[in-house]
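Colleague: I have just opened this model and would like to go through it with you, a piece at a time.

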Amino acid sequence: MIDELYSARILTLAANLPHSGRLAAPQGTGERVAKLCGSKAIVDVTLDADGRVAEFAQDVKACALGQAAAGVLGESVIGASLEEIEAARDAMSAMLKAGGEGPEGRFEGLRALKLVADYPARHASTMVAIEATLDAVKQALGRSLARKAPDTRTSLAGAA
């Protein structure tokens, strides 16, 4: 079973991490650490005018399974919305913990990690990159909304 877990597909994904590194000027940054094993992902994003991922960079220090999940994420995340990433995270979690089929659409490649369900100690490392990505996108969206909100201090001062 361990040989199946560390298949050629998993090892290839782990070895080829798309968008590795950090962005010079991210709108959002997320960081997650799997407490059990220490796998860590730091993700930077910028968003386009529609709130979709325009630029993405990841610094991932994880086991082969965590690296493989980050590899799929890096291949698929450009153009994704918050809702798509949340749906992929939820489907991934259900796949690992409840026998779900796994993500569909742009993140369907995460199904390659289905056998990780049999190894609960590996679940957290498999999830660090997608969780960090969600945190980064939420932060970027929050900053975008804050920039668009009117400054009530200026409005109130002008009315006085």
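**Salt bridges and a helix pair**

Colleague: Let's start with Arg32: what is its relative accessible area?

Modeller: Arg32 has a relative accessible area of 32%, which counts as partly exposed; buried means under 20%, exposed means over 50%, and partly exposed is in between, using a 1.4 Å probe and protein chains only. Bear in mind that this is a predicted model, in which local features need pLDDT of at least 70 and side-chain atom pairs count only at pLDDT 80 or more, while totals for chains, interfaces and linings use all residues. Residues are numbered from 1 along each chain as its sequence is written, and side-chain values use heavy atoms, leaving out hydrogens and water.

Colleague: Which side chain does Arg32 meet in a salt bridge?

Modeller: Its partner is Asp135, with 2.7 Å from N to O, where a salt bridge is a side-chain nitrogen of Lys or Arg within 4 Å of a carboxyl oxygen of Asp or Glu. Arg32 is in strand S1 (residues 28-33) and Asp135 in helix H5, so this pair ties together parts that are 103 residues apart in sequence; helices (H or I, at least four residues) and strands (E, at least two) are DSSP runs, numbered from the N terminus. Asp135 is also partly exposed, at 24%.

Colleague: And how many salt bridges are there in the whole structure?

Modeller: The search finds 11 of them. Side chains of opposite charge can pair when their charged atoms come close.

Colleague: What about Glu84, which salt bridge does it form with Arg52 in distance terms, and where do the two sit?

Modeller: The side chains of Arg52 and Glu84 meet at 3.0 Å, N to O, and the pair links distant parts of the chain, since Arg52 is in the loop between strand S2 (40-47) and strand S3 (53-61) while Glu84 is in helix H4, 32 residues apart. Arg52 is partly exposed at 31%, and Glu84 is partly exposed at 29%. Glu84 also forms a salt bridge with Arg106, with the closest N and O atoms 3.2 Å apart; Arg106 lies in the loop between H4 and H5, so that pair ties together parts 22 residues apart in sequence.

Colleague: Changing topic, at what angle do H4 and H5 pack?

Modeller: Helix H4 (residues 82-98) and helix H5 (residues 123-148) pack at about 160°, with their axes 10 Å apart; axes are lines fitted to C-alpha atoms, for helices over the stretch in contact, and angles run from 0 to 180 degrees between N-to-C directions. They are therefore roughly antiparallel to each other, given that angles over 145 degrees count as roughly antiparallel, under 35 as roughly parallel, 65 to 115 as roughly perpendicular and the rest as oblique.

Colleague: Which residues make the contact?

Modeller: Among them are Leu82, Ile85 and Met92 of H4 and Met127, Ile130 and Leu141 of H5, contact meaning heavy atoms within 4.5 Å.

Colleague: Then what does Leu141 touch, leaving out residues up to four places away in sequence?

Modeller: Leu141 touches Leu47, Gly51 and Leu82 on that count, and Leu141 is partly exposed, with a relative accessible area of 23%.
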